[in-house]
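Please look over the structure shown below before reading the notes that follow. They are grouped by topic, so that each part can be compared with the picture.

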Amino acid sequence: MPHKSRLFSQIKIRGITIPNRIVISPMCQYSANDGYLELWHTIHLGRLVMGGAGLIFTEATAVHKNGRITHGCPGLWENGQISNHAAITSFAKAHGCIPAIQLAHAGRKAGMQRPWYGNSFLAEADFARGDLPWSCYGPSAIPVDKGWPVPQEMTKADILSLIEDFAASAKRALQAGYDALEVHGAHGYLLHSFLSPLSNQRNDAYGGSLKNRMRLPLEVTEAVRIAWPDHLPLFFRVSAVDGTAGGWQLDDTLLLAKELKKLGVDVIDCSSGGIAGSATAANVDKRQPGFQVPYAASVREQANIKTMSVGLITHPLQAEDILQRKQSDLVAIGREALANPNWPLSARETLTQDNHYNHWPEQSGWWLERRALSSEFYKPK
Ligand SMILES: Cc1cc2nc3c(=O)[nH]c(=O)nc-3n(C[C@H](O)[C@H](O)[C@H](O)COP(=O)(O)O)c2cc1C
């Protein structure tokens, strides 16, 4: 090995030491029941814990029932929802993994179809399944796209209660045992839709200038930071660019990151896109391996804050290279972890040449090492 692996070095953020720099990105499962996590989530996240990532995010979790993306999205808007999260956090901690959660409000994208039913606004076929629409709100009465529901423009009272909802959910996340929390400010959901001039055309203190468009995301972050203990890390996910003419730009992200840092945000998680249409990351230049890494690198360097890169990072050498070049402090893996939940364990073998299965759960590592010592693997003739 040419150098010590940075991917497998630990990192301390506030009072929490993350054992390696692989993060499992938040990924909606669209499988919650009335906002409650199901056994599915425990097993899905549990197998990722066994896979060896340093920190694992529970998917976008709504701070209000109306802030769910779909009928299958979970929430932490009431105390009864806490205990199903606790099963996951205690399992993660028992296996040396940091449990983290993303808090979100879907805003004008609330009430969508589950992706496999179309990933668009709810329609007749969904109503027949019992998935009825609910009214959504946003910064202005501008729909996501043609044909989508027109959101109600949020009043000052709506804004104040949203801030309280984020803070109350953060307190519930703490009770559930999470050690890190992320505010979802990306992908066209509510906070991003306040930032972007494409979706925010208000003419009060929450719209117009960049300062005004940043006001709500910053007020939410401030309230969450107060609710979330000082010794625990706070992340903020941005769409670093809208990727659409006249939209949110990287320079805006740099200013936002500096303001977030002042409020006590520790890591900027750099995604992109999503302001128009249904896809998570639409309208962004070329989707190629690591296409969002330059955003994380710019924010890290110019806003002087820790960053997490994400998006088409699939190879251990690629992940290692990003960290060696100091483009980000953490690397998040999404779909690749769905394809191979043991990706971090395999990456460790690739990068450290440690093939003694020492880092695998002992329930499997013991066997795998013996198999490796005793047998020849199948080789095609
Ligand atoms: C099934 C699925 C669900 C997702 N759900 C979320 C989510 O809850 N919150 C979020 O910020 N991003 C979500 N994303 C985006 C991922 O976190 C990640 O940023 C994106 O997939 C790019 O990383 P990848 O190329 O490693 O998959 C989701 C992506 C997938 C594939």
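**Briefing on the predicted model**

Ser-239 stands opposite Ser-271 in strand 10. Strand 9, which covers residues 234–239, pairs with strand 10, residues 267–271, in the parallel sense over five bridges.

**The barrel**

- Eight strands form a closed barrel, which runs 3-4-5-8-9-10-11-12 with parallel pairing, and from one strand to the next the twist averages 25°.
- In general, the strands of a sheet pair through backbone hydrogen bonds, and they do so either parallel or antiparallel.
- Strand 3 and strand 12 run parallel and are joined by three bridges, and here Ile-22 is found opposite Val-331 in strand 12.
- Strand 12 also pairs with strand 11 in the parallel sense, again over three bridges, and Met-308 has Leu-330 in strand 12 as its bridge partner.
- Which way do the residues of strand 12 (residues 330–333) point? Leu-330 and Ala-332 point one way, while Val-331 and Ile-333 point the other way, and all of them are buried.
- Helix 8, made of residues 293–303, lies across strand 10 and strand 11 (306–310), and the helix runs at about 175° to strand 11.

**Around the ligand**

- There are 21 residues around the ligand, and those that come nearest are Ser-25, Met-27, Ala-60, Gly-334 and Arg-335.
- The elements that give two or more residues to this shell are strand 4 (55–62) and helix 10 (335–339).
- Sorted by class, the shell around the ligand has nine nonpolar, eight polar and four charged residues.

**Helices that pack together**

- Helix 4 (residues 156–175) and helix 6 (residues 210–227) pack at an angle of about 35°, with their axes 8 Å apart, and their crossing is right-handed.
- On the side of helix 4, the residues that meet helix 6 are Ile-159, Ile-163, Phe-166, Ala-167, Ala-170 and Lys-171, and on the side of helix 6 their counterparts are Leu-216, Glu-219, Val-220, Ala-223, Val-224, Ile-226 and Ala-227.
- The residues of this contact between helix 4 and helix 6 divide into 11 nonpolar, no polar and two charged.
- Helix 11 (residues 343–352) has Trp-343, Pro-344, Leu-345, Ala-347 and Arg-348 as its buried residues, and these pack against strand 3, helix 9 (316–324), strand 12 and helix 10.
- After helix 11 comes Gln-353, whose phi is positive, near 55°.

**Arg-21, a charged residue to look up**

- Arg-21 is located in the loop between strand 2 (16–18) and strand 3 (22–24).
- Although Arg-21 and Glu-320 are 299 residues apart in sequence, they are 9.5 Å apart in space, C-alpha to C-alpha.

**Two loop residues with positive phi**

- Tyr-30, in the loop between strand 3 and helix 1 (39–50), has a phi near 55°, which is a positive value in a residue other than glycine.
- Tyr-30 counts as buried because 20 C-beta neighbours lie inside 10 Å.
- Asn-119, in the loop between strand 5 (98–104) and helix 3 (124–128), has a phi near 60°, also a positive value in a residue other than glycine.
- Asn-119 has 14 C-beta neighbours inside 10 Å and therefore counts as partly exposed.

**Gly-365 in helix 12**

- Gly-365 has its place in helix 12 (residues 362–374), and it is partly exposed because 15 other C-beta atoms are within 10 Å.
- Leaving aside its neighbours within four places in sequence, Gly-365 is in contact with Tyr-357, Asn-358 and Trp-360.
- Gly-365 and Asn-355 are 10 residues apart along the chain, and their C-alpha atoms are separated by 10.0 Å.

Note on methods. Residues numbered from 1 in each chain as written. Predicted model: local features only at pLDDT ≥ 70, side-chain atom pairs only at ≥ 80, totals over all residues. Pairing = 2+ DSSP bridges. Helix = DSSP H or I, 4+ residues; strand = E, 2+ residues; numbered from the N terminus. Axes fitted to C-alpha atoms, helices over the stretch in contact; angles between N-to-C directions. Contact = placed C-beta atoms within 7 Å. Near = placed C-beta within 6 Å. Nonpolar A, V, L, I, M, F, W, Y, C, P; charged D, E, K, R; others polar. Left-handed = near helix turned anticlockwise from the far one by under 90°. Buried ≥ 20, exposed ≤ 12 C-beta atoms within 10 Å, placed from the backbone.
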